[in-house]
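Open the model in your viewer and keep the sequence panel beside it. This tour tells you what to select, stop by stop.

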Amino acid sequence: MIAVMPHDPSRRLLLRGLVLAGATMALAGCDEAAGRLPPSPTAGVEPDDPQTWPPDTELLISARQRVHSFLLAAGAVAGATGRMRQLTRLWGTELSTLEQLITLGGVPLPELRRAPVTDAPADDEAASTSSSSSGSASGPGPDDSSSTSDEARKIKPLELGRALRRAVPDFVAEIASASPSNLALLTSLVAQQAASAELLGAPVDWSPLVAPEGAAAVPLLAAARPAIFGLEVVAARSRGEERAKYEQVLDGVRALTRHLTTLAGAAAPVAPLGYDLPGPLETAEQRLDLARALVADIAPAALGTVQRVRGQIDPLFGVVRVVTESVTWTRTLGATIAPFPGMTLPG
C-alpha cells in the first residue's frame, strides 16, 4: 500500500531565486573553507551588453512586460469584481518576482511599455487556441501607437480573458527554448495565464495531449492515480453539492489519467489496487483538505517533465495544459488561484 499524505511543500519546485540563494551559500561555504572569496553571481555581466546577461534574461524581461500589460488591462476593466481584484494581486506578485530574478542577474530593469488592452477582434468562433497556431496572435496589449484611445474606454472581463487566451500559443512558442533553470518557471507562468483566461470566461481550446510520453509520463501517473482514488473515497462519503464538486474534478482527473496511460505505453506501471489515506475523513473540511492536497500534487509533477520536452512546442503545450487543468480543479475545490502554479514562492 502506498501512503498518500497531504501536500508536502518540500516536494514542490522552488523558484530560481531560492535555488540561486542556496547555491550561492553552498559555494560560499566551500570557498571560505579553502580560504578564498566566493565568486560573484554577476561577474562578467555588462548591463548594456545582452551577450553577457545570464541565460533567459530576455525571456524574463519579455514575461515581465506581459504581466505588466495584464495589470494595465485589469485597470481598464469596468467594475472591480472579486475575480479582478484576485488577479490583480496575483499578477502583482508575479511581476515582483520576475523583477527580482532579472535584477539578481545584474541586469537593470528596462522601462515598461504602456499597452493595457487589445483592439483585436473577439475570437469566439474564429480562432480557438491550439498548440499549432502559427498566426501573429497579439498579446493582451497593442503597441504604443494604438493605445491612446484605450485610456478612455472600459472593457469587460470576458474581453480581457479572450486577449489572454489569444496570447497563450505565442507565449508557449517563446519559452520553448528556455534554459533548464527557467523553463519550469516560465511554463508555470503561461499556465497561470491560461487559467486566468478561463477564470474570466475564455477557456483555452486545448489540442490533444501528445506529451509526456513513455517513462516521462510515469511521475504524472504517480500523482494522478492517488488523486483518483482519494477523490472516489471523498465523493463516496459526501452528499449533494459536496459530492457533485468531487465528481466534477474526478471526471477531469480520470480523463487525464487515461491519456497519460496511453502515452506511457509499456512504461506505465500496473496501478495499485488501493492507497492508504490519512484519516479520519468524517467532516467536510477533512475531505476537502485531502482532495485539494491530492490534486495539488499534479501541477508540480507536470512541471517536473518540462526538461524532456524542451524545445518542442506541442509537447510543452501539453504540459501547460496539465498545469492549467490542475489549477481549474483546485479552484473547483474552493482554492484560490495562485501565482506560479505548481511552484513554491521563496519566503
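**Stop one: a residue in α3**

Select Leu 95, which lies in helix α3 (residues 82–104). Helices here are DSSP runs of H or I with at least four residues, strands are runs of E with at least two, and both are numbered from the N terminus. Leu 95 counts as buried because its relative accessibility is 13%. Buried means under 20% relative accessible area, exposed means over 50%, and partly exposed lies in between, with a 1.4 Å probe and protein chains only. Beyond its neighbours within four places in sequence, Leu 95 is in contact with Arg 64, Val 67, His 68 and Leu 71. Contact means heavy atoms within 4.5 Å.

**A word on the model**

This is a predicted model, in which local features need pLDDT of at least 70 and side-chain atom pairs count only at pLDDT 80 or more, while totals for chains, interfaces and linings use all residues. Residues are numbered from 1 along each chain as its sequence is written, and side-chain values use heavy atoms, leaving out hydrogens and water.

**Stop two: the whole chain**

Zoom out and colour by secondary structure. The protein has ten helices and four strands. Along the sequence they follow the pattern β-β-α-α-α-α-α-α-α-β-α-α-α-β. Of the 347 residues, 48% count as buried. Among contacts with a separation of 6 or more, 84% are between residues 24 or more positions apart.

Go to Asp 56, in the loop between α1 (16–33) and α2 (57–75). Asp 56 has a positive phi of about 75°, although it is not a glycine. Is Asp 56 buried or exposed? Asp 56 counts as buried, at 13% relative accessibility.

**Stop four: α4 against α5**

Show helix α4 (residues 157–175) and helix α5 (residues 180–199): their axes come within 8 Å and cross at roughly 160°. The axes are lines fitted to C-alpha atoms, for helices over the stretch in contact, and angles run from 0 to 180 degrees between N-to-C directions. α4 and α5 are therefore roughly antiparallel to each other. Angles over 145 degrees count as roughly antiparallel, under 35 as roughly parallel, 65 to 115 as roughly perpendicular, and the rest as oblique. The crossing of α4 and α5 is left-handed. That term applies if the near helix is turned anticlockwise from the far one by less than a right angle; clockwise makes it right-handed.

Among the residues making the contact are Leu 164, Val 168 and Phe 171 of α4, and Leu 186, Val 190 and Gln 193 of α5. The contact of α4 with α5 divides into twelve nonpolar residues, four polar and one charged. Ala, Val, Leu, Ile, Met, Phe, Trp, Tyr, Cys and Pro count as nonpolar, Asp, Glu, Lys and Arg as charged, and the others, Gly among them, as polar.

**Stop five: a cis bond**

Move to Pro 212, in the loop between α5 and α6. The peptide bond from Ala 211 to Pro 212 is cis, with omega near 5°.

**Stop six: α6 and α7**

Select helix α6 (residues 218–236) and helix α7 (residues 240–264), whose axes come within 9 Å and cross at roughly 150°. α6 and α7 are therefore roughly antiparallel. Their crossing is left-handed. The contact residues comprise 14 nonpolar, two polar and five charged.

Stay on α7 and pick Arg 243. Arg 243 is partly exposed, with a relative accessible area of 31%. Not counting residues up to four places away in sequence, Arg 243 touches Ala 235 and Ser 238.

What covers the buried residues of α7? The cover includes α6, α8 (284–296), α9 (298–303) and α10. Just after α7, Gly 265 takes a positive phi of about 60°.

**Last stop: α10 and beyond**

Highlight helix α10 (residues 313–332). In α10, 16 of the 20 residues are buried, so this helix is largely enclosed by the rest of the structure. Just after α10, Gly 334 takes a positive phi of about 90°.

Finish at Phe 340, in the loop between α10 and β4 (343–344). Phe 340 is not a glycine, yet has a positive phi of about 50°. Phe 340 is buried, with a relative accessible area of 1%.

Key: The expected span of a helix is 1.5 Å times one less than its number of residues.
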